[in-house]
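Open the model in a viewer and keep the selection tool at hand.

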Amino acid sequence: MTYEPLIDEILQHFSSGVFADEVVGAKKQFFDLAGVFDEESDGFEQKMTQFIDWYIFTRPLQSTGLSPIQMIGQEKGDFFSNEFTSQDLKYLSSGRHSIFEFLKLKNKDIYLRDLLANEKIVIKNSLVTVGFEKEQLFESRLFTRGDTFVFGTSFCFHPPRASRYIFKEIKRVRKLKDVEERAREQESLIIKLFRMRYKIEQYKHVDLQEIYTNKPRLRI
């Protein structure tokens, strides 16, 4: 089982009625991160899943200052169908958002390292087993399911040449002692890397090292 049906219900609720204008504004913000795209764009489906992920789990709603998943935690998700349990919502709201390093695939078990938490993770009998390469770095979310995890629907794979920069930034963030500051910086870093990843597509003539840097010489 995945959480996709539940995520679909959350999106439906938070993109209609009083939230209709909210999702329009969110798309404009997301275009600033990932560039403008439409149904004819390359990777449209993947970018839409990234938008949905960001809208539900990361972006605070202007009306409340809370993300949709945080609002559900306060309202107990009473507006959802009976198909989902309160435990499902709890698992979804406590998902792990991080930069992961792919270590290996053994049978259907995926071995990862959560780089921000500096922790090894095994996803048992994963539904997603293709598309990974050894030592590949990528952003995603993991949600508890029984005694293991399942992936969210959104992935952002970073190019191998960016790994050195990413490791350096992760080391900087992990050194922060204040827990709240570290949590804020972790999320800021993930978004910054996401934006860098899509600048590569927008500016194909620019070398990667000019994008994955804290001292950009180009204003892009």
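Predicted model: local features only at pLDDT ≥ 70, side-chain atom pairs only at ≥ 80, totals over all residues.

**Stop 1: the largest pocket**

Select Phe57, Thr58, Gln70, Arg141 and Glu187. Among the 20 residues that line the largest pocket, these are the closest to its centre. The space in the largest pocket comes to about 400 Å³.

Next, colour the elements around the largest pocket. Helix 4 (68–75), helix 5 (86–93), strand 1 (96–106), strand 4 (137–145) and helix 7 (179–202) each give two or more residues to its lining. Which element gives the largest share of this lining? Select helix 7, which supplies five residues.

Now colour the lining of the largest pocket by residue class. Nine of its residues are polar, six are nonpolar and five are charged.

**Stop 2: the second largest pocket**

Move to the second largest pocket, which holds about 310 Å³ of space. Select Thr2, Leu127, Val128, Val150 and Phe151: of the 20 residues in its lining, these are the closest to the centre.

Then show helix 1 (4–13), strand 4 and strand 5 (148–151), the elements that give two or more residues to the lining of the second largest pocket. Strand 5 makes the largest contribution here, with four residues.

Technical notes: Residues numbered from 1 in each chain as written. Heavy atoms only, no water. 1 Å grid on protein atoms, 1.4 Å probe; cavity = no way out; pocket = protein on both sides within 12 Å on 5 of 7 lines; lining within 4 Å. Points joined across faces, edges and corners; volume = space filled by probe spheres on them. Nonpolar A, V, L, I, M, F, W, Y, C, P; charged D, E, K, R; others polar.
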